[in-house]
Amino acid sequence: ARTGVASSEAAVELARKIAALPRLTLRGVQYYCGSQQHIADFAERRTAIVERSDHLKSVIAALTGAGFAPEIITGSGTGTHRIDLELGLFTELQAGSYVFMDKQYLDCDLTGA
């Protein structure tokens with residue numbers, strides 16, 4: 001709840017405002033579930049992400065229905081990249097904290113194995 005819009009209707013409203021501006025082009029959406037990234041148990045993290053993905057699906061559907069189909073859907077994160085890849089919603093995954101091996105990720109099961 002730090003960035004972005006709170007509903008699919010608000011996403012369409014923002015898309016319309018962007019479309020009305022001559023120097024901006026809406027190319028996609030960015031979606032990040034920060035609080036879910038560090039749920040230690042893989043199965044619990046997966047359940048949380050599947051539930052949150054319903055919101056992203058509703059935003060994509062609303063934008064598409066209003067004529068603003070997003071060509072880029074970017075987001076995810078180190079803690080959920082395997083789950084997000086499996087769900088197939090993103091065109092780009094933004095996983096990167098693993099490079100620095102954030103201490104919290106050492107405590108998380110990132111593989112689900």
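Helices here are DSSP runs of H or I with at least four residues, strands are runs of E with at least two, and both are numbered from the N terminus. With that settled, I read the order of elements in the chain from the N terminus on: α-β-α-β-α-β-α. That comes to four helices and three strands.

I am looking at a predicted model, where local features need pLDDT of at least 70, side-chain atom pairs count only at pLDDT 80 or more, and totals for chains, interfaces and linings use all residues. Residues are numbered from 1 along each chain as its sequence is written, and side-chain values use heavy atoms, with hydrogens and water left out.

**Whole chain**

I looked up burial next (buried is under 20% relative accessible area, exposed is over 50%, partly exposed is in between, with a 1.4 Å probe and protein chains only). Of the chain's 113 residues, 32% count as buried. The accessible surface is about 7100 Å², and carbon and sulfur atoms own 54% of that; the areas come from the Shrake-Rupley method with a 1.4 Å probe, and for residues only the protein chains shown count as cover.

Then I checked contacts, meaning heavy atoms within 4.5 Å. Among contacts in the chain with a separation of 6 or more, 63% are between residues 24 or more positions apart.

**Helix α1**

I picked α1, residues 8-19, which has twelve residues. From first C-alpha to last it reaches 16 Å, close to the 16 Å expected at 1.5 Å a residue; the expected span is 1.5 Å times one less than the number of residues.

Which residues of α1 are buried? I found Ser 8, Ala 11, Val 12, Ala 15 and Ile 18. Seen down the axis of α1, they fall within an arc of 120°, so they line one face of the helix. The arc is taken from the directions from the helix axis to the C-beta atoms. Glu 9 and Arg 16, on the other side of α1, are exposed. What covers the buried residues includes α2 (42-65).

I zoomed in on Ser 8, which sits in α1 and has a relative accessible area of 13%. Leaving aside its neighbours within four places in sequence, Ser 8 is in contact with His 55, Ser 58, Val 59 and Ala 62.

**Ser 76**

Last stop: the loop between β2 (72-75) and α3 (81-87), where I found Ser 76. Most residues other than glycine have a negative phi. Ser 76 is not a glycine, yet its phi is positive, about 75°. Is Ser 76 buried or exposed? I noted it as buried, at 2% relative accessibility.
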